[in-house]
Every structure is written in structure tokens, then in C-alpha cells.
Amino acid sequence: MQHKSLDVITLFHKASSPASIRAQTLLKQISAHASESATEDQATDHTQQNKFQRTEFELNVTEDPPTSDQLRTILEYVGSGAGRAGQIVEGATSEADAVTKLKENPDSFQRPVVGLLPRFDTCCNQ
């Protein structure tokens, strides 16, 4: 039987941000609860719990800014509506502007951001 690999949830974290700390704490709690649920005794009746079953995932916490590809994925997800890019990268007016501003100033990335993103090796950051 082949095991499915876990989804990777990435938290782009800023340790000095109360919102980011809350997001990290919540994600750790959810991850721990999902792991506990997955390993409980199968003889027990889980009818009620299964209605709210969470999938296990791997939590990747990073204080690094996203790569250009990761940023594009984030921006695709939030949409291209008015001001959306500026909610992710301070002062950005478009996807292209967000990529440029992030390269110029990595601190312009607004944390916390949580996403189900492909994990890229750090050697491949753009």
C-alpha cells in the first residue's frame, strides 16, 4: 500500500508580529489535533469526530520572504482585485509590481501569510 505524502502548509512568519504568533500557535494546535485523530484506536466510535475530521499536514514555518514563484501563487489565490497585491506586498499595485518591490525590499512582504504552496529548495530562491 502506497502512503500519500502530507500536504505542506507554509506560514510566512514574523516573530515580532502578534498576529503571526497567533497564526503559528493555531496551526500547531490544528496539526497536533489532526495527528491525534489519525492515530486513535480504530475500535472506538468516531462518528461525531469524523464529521469534522482534519487532514494531517506538515507545517513549514519560515521567516524568509516567498520566492517569486511562491509570491505569484499567493497573488493568484487572493485575486487581482483593486489593492490585492498591496495587501500582500506593501505599496504594490500589480503582480509584476509586487515581485519587483519584494526583490527591492524583502520586508515589504506583509506577514503572516499562510498557504498550501509547493516547497522550493532555498537554493532556488529568486
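The model is predicted: local features need pLDDT of at least 70, side-chain atom pairs count only at pLDDT 80 or more, and totals for chains, interfaces and linings use all residues. Residues are numbered from 1 along each chain as its sequence is written, and side-chain values use heavy atoms, with hydrogens and water left out.

**Entry on the sheet**

I noted that helices (H or I, at least four residues) and strands (E, at least two) are DSSP runs, numbered from the N terminus. I then traced an open sheet of 3 strands, in the order β2-β1-β3 and with mixed pairing. Its edge strands are β2 (57–62) and β3 (113–116), each of which pairs on one side only. From one strand to the next, the twist averages 20 degrees; axes are lines fitted to C-alpha atoms, for helices over the stretch in contact, and angles run from 0 to 180 degrees between N-to-C directions. Two strands pair if DSSP finds at least two bridges between them. Strand β1 (residues 7–12) is joined to β3 by 4 bridges, in the antiparallel sense. I recalled that strands of a sheet pair through backbone hydrogen bonds, either parallel or antiparallel.

**Entry on helix α3**

Which residues of helix α3 (residues 68–78) are buried? I listed S68, Q70, L71, I74 and L75. Here buried means under 20% relative accessible area, exposed over 50%, and partly exposed in between (1.4 Å probe, protein chains only). Seen down the axis of α3, these buried residues fall within an arc of 160 degrees, so they line one face of the helix. The arc is that of the directions from the helix axis to the C-beta atoms. On the other side of α3, I found E76 and Y77 exposed. The buried residues of α3 pack against two strands, β1 and β3, and against the helices α4 (84–88) and α5 (95–104). Just after α3, I recorded a positive phi of about 95 degrees at G79.

**Entry on salt bridges**

How many salt bridges does a search of the whole structure find? The search gives 3, each being a side-chain nitrogen of Lys or Arg within 4 Å of a carboxyl oxygen of Asp or Glu.

I looked up D69 and R72, whose side chains meet at 3.5 Å, N to O. Both lie in helix α3, 3 residues apart, about one turn of the helix. An α-helix has 3.6 residues a turn, so residues three or four places apart point the same way. D69 counts as partly exposed because its relative accessibility is 33%, and R72 is likewise partly exposed, at 30%.

R72 also forms a salt bridge with E95, with the closest N and O atoms 3.6 Å apart. This pair links distant parts of the chain, R72 in α3 and E95 in α5, 23 residues apart. E95 is partly exposed, at 35% relative accessibility.

Within helix α5, D97 and K101 lie 4 residues apart, about one turn of the helix. Their closest N and O atoms are 3.9 Å apart in a salt bridge, and K101 is partly exposed at 25%. I noted that salt bridges with shared partners join D69, R72 and E95 into one network.

**Entry on S17**

I located S17 in the loop between β1 and α1 (18–39). Is S17 buried or exposed? S17 counts as buried because its relative accessibility is 13%. Leaving aside neighbours within four places in sequence, S17 is in contact (heavy atoms within 4.5 Å) with R111 and P112.
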